Amino acid sequence: MNFQKKYIMSHISKGMRLDGRKIDEHRKIHIEINPIEQAEGSAKVKIGDTVVIVGVKMGVGEPFPDRLNEGVLMVNTEFSPLASPEFELGPPREKAIELARIVDRGIRESKCIDNEKLCITEGEKVWMVMIDVQPISHDGNLIDAAGIAAIAALMSARMPKFDGNKVVYEKTDQKLPMTHDMPVPVTCAIMEGKLLVDPDLEEEEAMEGRLTITTTADGKICAVQKGSVGSFAMETIEEAIELSIKKGKEIRELIKKSL
Amino acid sequence: MERSDGRKNDELRPVKMKVGILKHADGSAMVSIGKTIAVAAAYGPRELNPRHMQESDRAILQCNYTMAPFSTNERVRPGPSRRSVEISKVTREALEPALFLKDFPRTTIDVYIVILQANAGTRTAGINAASLALADAGIQMRDLVTSIAAGKVNGHCALDLTGEEEEVTECDLPIAYMPRENKFTLMQMDGHITKDDMKHVIKLAVKGCETLYEHQKKALLEKWSKEGFE
Amino acid sequence: MNENVMEKSEFDKELEKMEIEEKEKALKNEESHETRERKVVLPGGRIVESIEYLPGRNCFRDGNSIYSKRLGVVYYRGRVIDVVPLSGKYMPEIDDMVIGTVEEVQYSGWIVNINSPYKAFMPLSGVRGFIDPARTDISKIYGIGDLIYAKVMDVTPMKDIKISMKDPSTRKFENGRMVRISPVKVPRVIGKQGSMITMIKDKTGCRISVGQNGVIWIQGEKENLAARVIMEIEENSQISGLTDHISKLLDGSK
């Protein structure tokens, strides 16, 4: 095992984190709404030194054949080497794709966007909501930063106009049809059986496994993802669920304040 | 002449520059000119793989320019396009003449530019940011590289076109310029104008670059000047 | 050195010869860094417009003036101007002590990451004692992930770096923790004649080894305090009275 990993593990077994945080404590979260004015919606989220910008763009297109009266939701992410020396140029690899799908799952399964209200003409034209996640700085836990930014961007978005033929990119006052529930992912690293909320980069490199649980305001769970190599027991899941619900509530308040 | 945003012909849009904004890059900067926002990261000199790309007596410079999908009105499909490949190339060719590459054989210096919001002048904003990122990283340079575009709108030569002006301009002429030596390292032109107009437009762009040079120096000193004392 | 090579006149050739002699003299007087001015300069920034001075480290002459090649602070050593960089990578020099991580075990030695654009190679011959690779699994001596304190033995023009652990002060680190700082800050962590690092060692009861490459190993009672204080030096290296400031921090956490 490498030298630094040994050092981190020796502290974790005493319940200590290198940066002085408690094991159920997030780093400082900062949410900025609308940093990208030209996008329909956008948010920049900082968790410690991790920075993610999410932009929401809208377009009009054909619905999916099995959901003819619903809008289309798409989440994409590109890991630019800007954000970390680990990232390489090229199409999204597995980590990037996984992140996009976790964020997507949280939004889709919670039904926080009222998709039927995005229908313009059934079977022909619907609004497409395109969420793009752009990590700017990777210092651990991109998933939570992305998930929080995505929700903040959606809630602050304003729809453009549609003139019957094409989209006119002038912001209206009309918000996206949202149910006001906010799916919030909470990610924990698993180390020596302990759950560390919001792992930073060093902890991610040393962790045995990772658990992301996305919850909604009513305390229900709408997405779960175990990541990284490693295994855990039932108690760990139960603990993670409680943590995610609790932390999710705190973060939801933060998002509301920033809107 | 009244421009749509009230600027004079030789006036830049509002400029903001910040150095050292990314934790893990060796050097980084954010430059916004009007609504256009560019972020650049520089890494290196660092090990270059594959080995056959190494130059035995110097470092190589690699540049990549990308637009965030949400940066434009119509969403941009992620991934390289012919346009972004060309811009990456001319960006590299704009920065390389300023670097002392011989001091670091067999290595690479990598520059990544991401455009977060686009309203014309993205490649020039990117070059300004990249130049700052390289300086921030401690890379050896003969000068900073500045960059801006100028054109001819409504019969008048105008500096730093907006997106709206770009649609009606008779020419779009971006340059990159090393102010100390008065040398150009990038010049491109789209349009159809007389040679006198072209010279006039270039001179206007140079003026813009000289102003941007002061902004760049200020941004670097803002981050670093506490390290020295008078 | 000067990449803008133009037609050289006799005068220029004489000047160059003088420059080389003066530089060699000045380099021998490394200790006497006369600080006439601690101005921050930018790449391409003019330092002086005068032929009286000679370009030393990280500067170049163009015409009558001397310019900086990079972001740094100007120091005068007699007539030689140096720019001491404020940022940038570690460039190994012979006799440097460095702390590195073993990355690869090969048949004839180890490849070590020394936090530099160049990886270092430690041959079998660079290790204390005799090793027969045919009989010994050399990864048992130093394996992947091991942290070692080694000396730079050779740097070729193509920047092949050879390190060795023959020097008695070299060793492998077992416990403790590692901190990475910008290599340009190492002199501040060490202090004049080691004064700063000695103070930190005394007040934290820690063993500390500092690599010129910006990697630092700490082991002892108050590892975290020592680490915090070292990072504070990196963050605020320029303040006057740094030693007192650090001393107070160390005392404050008894």
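**Exercise 1. The overall build of chain A**

How many helices and how many strands are there in chain A? Bear in mind that the model is a predicted one.

Solution. 
- Step 1. Chain A holds 5 helices and 12 strands.
- Step 2. The C-alpha trace of chain A spans about 65 × 35 × 35 Å along its principal axes.
- Step 3. For 259 residues, a compact globule would have a radius of gyration near 18 Å; the value for chain A is 19 Å, which agrees.
- Step 4. Of the 259 residues of chain A, 45% count as buried.
- Step 5. Consider the contacts in chain A with a separation of 6 or more: 68% of them are between residues 24 or more positions apart.

**Exercise 2. The overall build of chain B**

Solution. 
- Step 1. Chain B has 4 helices and 10 strands.
- Step 2. The principal axes of the C-alpha trace of chain B give spans of about 50 × 45 × 35 Å.
- Step 3. In chain B, 54% of the 230 residues count as buried.
- Step 4. Residues 24 or more positions apart supply 70% of the contacts in chain B that have a separation of 6 or more.

**Exercise 3. A helix pair in chain C**

Are helix 4 of chain C and helix 5 of chain C roughly parallel or roughly antiparallel to each other? Identify the residues through which they meet.

Solution. 
- Step 1. Helix 4 of chain C covers residues 223-235 and helix 5 of chain C covers residues 242-252; they pack at an angle of about 155°, with their axes 10 Å apart.
- Step 2. Angles over 145 degrees count as roughly antiparallel. Helix 4 of chain C and helix 5 of chain C are therefore roughly antiparallel to each other.
- Step 3. The crossing of helix 4 of chain C past helix 5 of chain C is right-handed.
- Step 4. From helix 4 of chain C, the residues C:Leu225, C:Val229, C:Glu232 and C:Ile233 meet C:Leu242, C:Ile246, C:Leu249 and C:Leu250 of helix 5 of chain C.
- Step 5. By class, this contact of helix 4 with helix 5 of chain C has 7 nonpolar residues, no polar residues and 1 charged residue.

**Exercise 4. The contacts of chain C with its partners**

How many residues does chain C give to its contact with chain A, and how many to its contact with chain B?

Solution. 
- Step 1. The contact between chain C and chain A takes 5 residues from chain C and 5 residues from chain A.
- Step 2. The side of chain C that touches chain A has 2 nonpolar, 2 polar and 1 charged residues.
- Step 3. The contact between chain C and chain B takes 22 residues from chain C and 30 residues from chain B.
- Step 4. The side of chain C that touches chain B divides into 9 nonpolar, 5 polar and 8 charged residues.

**Exercise 5. The surroundings of A:Ala223**

Is A:Ala223 buried or exposed? Locate this residue and list its contacts.

Solution. 
- Step 1. A:Ala223 is found in strand 12 of chain A, which comprises residues 221-227.
- Step 2. A residue is buried if 20 or more other C-beta atoms lie within 10 Å of its own. A:Ala223 has 22 other C-beta atoms within 10 Å and is therefore buried.
- Step 3. Not counting residues up to four places away in sequence, A:Ala223 touches A:Ile102, A:Arg105, A:Gly106, A:Glu109 and A:Thr214.

**Exercise 6. Backbone exceptions**

Solution. 
- Step 1. Most residues other than glycine have a negative phi, and most peptide bonds are trans.
- Step 2. The bond from B:Gly44 to B:Pro45 is cis, with omega near 0°, and B:Pro45 lies in strand 3 of chain B.
- Step 3. The bond from B:Asn49 to B:Pro50 is also cis, with omega near 5°; B:Pro50 lies in the loop between strand 3 and strand 4 of chain B.
- Step 4. B:Asn182 has a positive phi, near 55°, and lies in the loop between strand 8 and strand 9 of chain B. With 8 C-beta neighbours inside 10 Å, B:Asn182 counts as exposed.
- Step 5. C:Asn58 has a positive phi of about 60° and lies in the loop between strand 3 and strand 4 of chain C.

Key:
Residues numbered from 1 in each chain as written. Chains lettered and ligands numbered in written order. Predicted model: local features only at pLDDT ≥ 70, side-chain atom pairs only at ≥ 80, totals over all residues. Axes fitted to C-alpha atoms, helices over the stretch in contact; angles between N-to-C directions. Helix = DSSP H or I, 4+ residues; strand = E, 2+ residues; numbered from the N terminus. Parallel < 35°, antiparallel > 145°, perpendicular 65-115°, else oblique. Left-handed = near helix turned anticlockwise from the far one by under 90°. Contact = placed C-beta atoms within 7 Å. Nonpolar A, V, L, I, M, F, W, Y, C, P; charged D, E, K, R; others polar. Rg over C-alpha atoms; globule rule 2.2 N^0.38 Å. Buried ≥ 20, exposed ≤ 12 C-beta atoms within 10 Å, placed from the backbone.
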